[in-house]
Amino acid sequence: MARSQRTSRTLEKAQLRAMKLKAIDPAMDFGRDRNMTTFTTKIEKLQAKLNHYNNLIELLDAAKNEIDESERELGDLSDEMLNGVSARYGNDSREYEMAGGTRKSDRVRKSAESRIRNAAMKKVANAVNN
């Protein structure tokens, strides 16, 4: 999921205010660096920083998507390799176990009694919660 681009209400408010102040007097100056030139410069700097930040977010999202795709490809290949070992040597072989699989004879299947008991416990829990 892509991250949302950042906006700045302060920047939008300042841009609107600058536009209104320029309509009054384009060279408005209140002394001590309180003038239209400083105001517009600071607006432009913030806009540039915000644009840079949003561009970095896009780059990060693209990099994350590439990593996710690489992970999927590697996971699929890993599964295919294990399946290849299973096809060649069988899923109950030492080679299958060495490749990271669980041998068929080592798998523990729950007894019918415990499966029935767990299902009953779930029904009771659902009835209590509802």
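Predicted model: local features only at pLDDT ≥ 70, side-chain atom pairs only at ≥ 80, totals over all residues.

Visitor: Is aspartate 76 buried, partly exposed or exposed?
Guide: Aspartate 76 is part of helix 2, which covers residues 36–89. Its relative accessible area is 46%. Buried means under 20% and exposed means over 50%, with partly exposed in between. Aspartate 76 is therefore partly exposed.

Visitor: Which residues form the negative surface patch with Asp76?
Guide: Patch members need over 30% relative accessible area, and aspartate 76 has 46%. Together with Asp76, the negative patch is formed by Glu73, Asp79 and Glu80.

Visitor: Is arginine 9 buried or exposed?
Guide: Arginine 9 lies in helix 1, residues 9–24. Along with Lys13, Arg17 and Lys20, Arg9 forms a positive surface patch. The relative accessibility of arginine 9 is 72%, so this residue counts as exposed.

Visitor: Is serine 8 buried or exposed?
Guide: Serine 8 sits in the segment before helix 1. Leaving out residues up to four places away in sequence, serine 8 touches Leu46 and Leu50. Its relative accessibility is 14%, so serine 8 counts as buried.

Visitor: What separates the C-alpha atoms of leucine 82 and lysine 49?
Guide: Leucine 82 is placed in helix 2. With residues up to four places away in sequence not counted, leucine 82 touches Tyr96, Ala99, Gly100 and Gly101. Lysine 49 is 33 residues from leucine 82 along the chain, and the separation of their C-alpha atoms is 49 Å.

Definitions and conventions. Residues numbered from 1 in each chain as written. Heavy atoms only, no water. Patch = residues over 30% accessible without salt bridge, like charges linked within 9 Å, V, L, I, M, F, W, Y side chains within 5 Å. Areas by Shrake-Rupley, 256 points an atom, 1.4 Å probe, with all protein chains shown as cover. Salt bridge = Lys/Arg side-chain N within 4 Å of Asp/Glu carboxyl O. Lys, Arg positive; Asp, Glu negative; His and termini not counted. Charge placed at Lys NZ, Arg CZ, Asp CG, Glu CD. Helix = DSSP H or I, 4+ residues; strand = E, 2+ residues; numbered from the N terminus. Buried < 20%, exposed > 50% of the residue type's maximum accessible area, 1.4 Å probe, protein only. Contact = heavy atoms within 4.5 Å.
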